[in-house]
Amino acid sequence: MRAVLQRVTHAAVSVGDRIVGAIDKGLLILLGVVDGDTPRDAEVLADKIANLRIFSDDDGRMNLSALSVGGSALVISQFTLCADCSHGRRPDFFSAAKPAIAEELYLYFCERMKAAGISAVEKGIFGADMQVELLNDGPVTILLDTKDMKK
């Protein structure tokens, strides 16, 4: 499972001209589900993200987690994070999980974010053509991949 985290002051996702999810201070999470990912990947990643100390304390140091600051999360499914660009000029997405499995794990990840203590978890619409707006705070952008994490 791959995630791009962006610390934001606000973010929103729209489908067509309708906003389907929006948050104020918190994390925009772009989530890619890779073939072979399991519920355990979602659990480990959600716990890591909820507790990752990337918010500034009173001294301006990144010492606080989304949990510590009462931050929200906007989670957007994004199969393009599974792109393989190692050959040619067109990425392939063969490593992305099949849509039914990916959607199940995406929804489970969102549940696990709530279980980890993030009270406001907003979502996009799985498989939809979405437009995402955000104001990156810092900017702080972090890449995570469960294949690189201890499970």
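1. Helices α1 and α3 pack at an angle of about 40 degrees, their axes 9 Å apart. That angle makes α1 oblique to α3. Here axes are lines fitted to C-alpha atoms, for helices over the stretch in contact, and angles run from 0 to 180 degrees between N-to-C directions. Angles under 35 degrees count as roughly parallel, over 145 as roughly antiparallel, 65 to 115 as roughly perpendicular, and the rest as oblique. Helices (H or I, at least four residues) and strands (E, at least two) are DSSP runs, numbered from the N terminus.

2. The model is predicted: local features need pLDDT of at least 70, side-chain atom pairs count only at pLDDT 80 or more, and totals for chains, interfaces and linings use all residues. Residues are numbered from 1 along each chain as its sequence is written, and side-chain values use heavy atoms, with hydrogens and water left out.

3. The crossing of α1 past α3 is right-handed. A crossing is right-handed if the near helix is turned clockwise from the far one by less than a right angle, and left-handed if anticlockwise. On the α1 side the contact is made by Pro 39, Ala 42, Glu 43, Leu 45, Ala 46 and Ile 49; α3 contributes Leu 105, Tyr 108, Phe 109, Arg 112 and Met 113. Contact means heavy atoms within 4.5 Å. By class, this contact has nine nonpolar, no polar and two charged residues. In that count Ala, Val, Leu, Ile, Met, Phe, Trp, Tyr, Cys and Pro are nonpolar, Asp, Glu, Lys and Arg are charged, and the others, Gly among them, are polar.

4. The largest nonpolar core has 30 residues, of which Ile 29, Leu 45, Ile 49, Val 75, Phe 109 and Met 113 touch the most other members. Two or more residues each come from β1 (2-15), β3 (26-32), α1 (39-51), β6 (72-77), α3 (99-115) and β8 (131-145). A second, separate core of 10 residues includes Val 8, Ile 23, Leu 30 and Leu 74. A nonpolar core is a set of buried Ala, Val, Leu, Ile, Met, Phe, Trp, Tyr and Cys residues joined through side-chain atoms within 4.5 Å. Buried means under 20% relative accessible area, exposed over 50%, and partly exposed in between (1.4 Å probe, protein chains only).

5. Leu 45 is in contact with Met 1, Ala 3, Leu 31, Phe 109, Leu 144, Thr 146 and Met 149, leaving aside its neighbours within four places in sequence.

6. Leu 5 lies in strand β1 and counts as buried, at 1% relative accessibility. Not counting residues up to four places away in sequence, Leu 5 touches Leu 28, Ile 29, Ile 49, Leu 52, Val 140, Thr 141, Ile 142 and Leu 144.

7. Ile 23, in strand β2 (residues 18-23), is buried with a relative accessible area of 6%. Beyond its neighbours within four places in sequence, Ile 23 is in contact with Val 8, His 10, Ala 11, Ser 72, Ala 73, Leu 74 and Glu 122.

8. Two loop residues are also buried. Val 34 sits in the loop between β3 and α1, with a relative accessible area of 15%. Among its contacts outside four places in sequence are Met 1, Arg 2 and Cys 82. Gly 124 lies in the loop between β7 (121-123) and β8, and its relative accessible area is 13%.

9. The peptide bond from Gly 138 to Pro 139 is cis, with omega near -5 degrees. Pro 139 is in strand β8. Most peptide bonds are trans.
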